[in-house]
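Subject: Structure handover

Hi,

Here is the structure for your files. My notes on what I found in it follow below.

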Amino acid sequence: MAEGRVYNFSAGPSAMPLEVLEEVQREMVNYKGCGMSVMEMSHRSKEFMAIAAEAEKNLRDIFGVPSDYKVLMMQGGATLQFSSIPLNMLGSKTKADYLVTGQWGEKAHKECNKYGTGQLACNTKGTKFTTIPQKSEWKLDPEAAYVHYCANETVNGVEFSYTPDVDTVPLVADMSSNFCSKPIEVSKHAFIYAGIQKNLGPAGMSVGFLRPDFADGSKELKICPTYCSFKTTGDNGSMYNTPACFTMYVMGEYLKYTKKLGGLAYWAEQSDKKSGLLYGAIDGSNGFYNCPVEKTARSRMNVPFTINGGDEALEKKFLDEAKKHKLYTLAGHRSVGGCRASLYNGLPLEGVAKLTDFMKSFMDENRK
């Protein structure tokens, strides 16, 4: 741990590996001897074009993206894609299925209804988004333009541990909060998108992997803004206008670091260790700490928990005292309360060990 830094459990923007930050710091003022910072250079310069090309190559290598898929780097985060997806993928079918297992899937579904009909193939709001139903309970429409799911729900702490089987209907995934945390089956999806500010860089950009039959504009609605067009973005190498240059550059450094460590298998191993340690502390507390999510649907990335049955005064005390141990940003999302620890790639295993040690001592001191 570098001097003065804390263990940051923020849900996004989130902790980044110190090695990546230090490399960016080294190159901040004069990038590789070119006399200027990346944030100052033209996005059309040979230096920046090389940065963008290397970032795309590393995305393809690390994630195993098929050669005929487009790699899109888009501004607006994943939230803009809630609109862009129906605008580019509904085509003449006018309807799409949504597996809603948390707040982000719910928002994506709501946005689809502005441009067509978003059908609820499942909706777990009745269980306060704490489960993922079996496929036998889904209501899938074989005539839907696509099926959308959120692979990991940041607010609610629910994660798909598998790729949903939706037969021949194109599958779309919001992977924002577990992207780059484990290997993924890109070819089973028509479109994967992810805001990178959790596991792969700073805020300001989303990455997309797009199957070629959705990259030619044939299913694009006439009202689709040019800036939201997958075809326009793909045809222009994600540079129809000035991209989020510095964000793209930092992502590129994060990708290089990921390769150096051994790729997605390394992050998957770390994620399993970190989440296992924290869930072990929660489950071993005899009810003092409680995670509301069904065990089969628990997220490795975002772990929500309550203290002593949802004792708000005790939770506030926990958050205040945690800071004395350099454990920061542990408050639950404003819509659900309680506590939440986000265990992204940039948060080291030692940080989770410090948290679980603190949780045990806090429990010993405050259990009645």
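In this predicted model, helix α7 (residues 264–283) and helix α9 (residues 349–366) pack at an angle of about 0°, with their axes 10 Å apart. That makes α7 roughly parallel to α9 (angles under 35 degrees count as such). Axes here are lines fitted to C-alpha atoms, for helices over the stretch in contact, and angles run from 0 to 180 degrees between N-to-C directions. Helices (H or I, at least four residues) and strands (E, at least two) are DSSP runs, numbered from the N terminus.

From α7, the residues in the contact are Q270, K273, K274, L277, L278, A281 and I282. They meet L349, V352, A353, L355, T356 and M359 in α9 (contact means heavy atoms within 4.5 Å). By class, this contact of α7 with α9 has 9 nonpolar, 2 polar and 2 charged residues. Ala, Val, Leu, Ile, Met, Phe, Trp, Tyr, Cys and Pro count as nonpolar, Asp, Glu, Lys and Arg as charged, and the others, Gly among them, as polar.

On provenance: residues are numbered from 1 along each chain as its sequence is written. Local features need pLDDT of at least 70, side-chain atom pairs count only at pLDDT 80 or more, totals for chains, interfaces and linings use all residues, and side-chain values use heavy atoms, with hydrogens and water left out.

Next, α3 and α4. The axes of α3 (residues 77–89) and α4 (residues 103–112) come within 8 Å and cross at roughly 40°. T79, F82, S83 and P86 in α3 meet W104, K107, A108, E111 and C112 in α4. The residues of this contact divide into 5 nonpolar, 2 polar and 2 charged.

Now a loop residue. M239 lies between α5 (230–235) and α6 (245–261). At 4% relative accessibility, M239 counts as buried. Leaving aside neighbours within four places in sequence, M239 is in contact with H43, R44, F48, M49 and A52. The C-alpha atoms of M239 and R44 are separated by 8.8 Å, yet the two are 195 residues apart along the chain.

Best regards

Methods. Buried < 20%, exposed > 50% of the residue type's maximum accessible area, 1.4 Å probe, protein only. Parallel < 35°, antiparallel > 145°, perpendicular 65-115°, else oblique.
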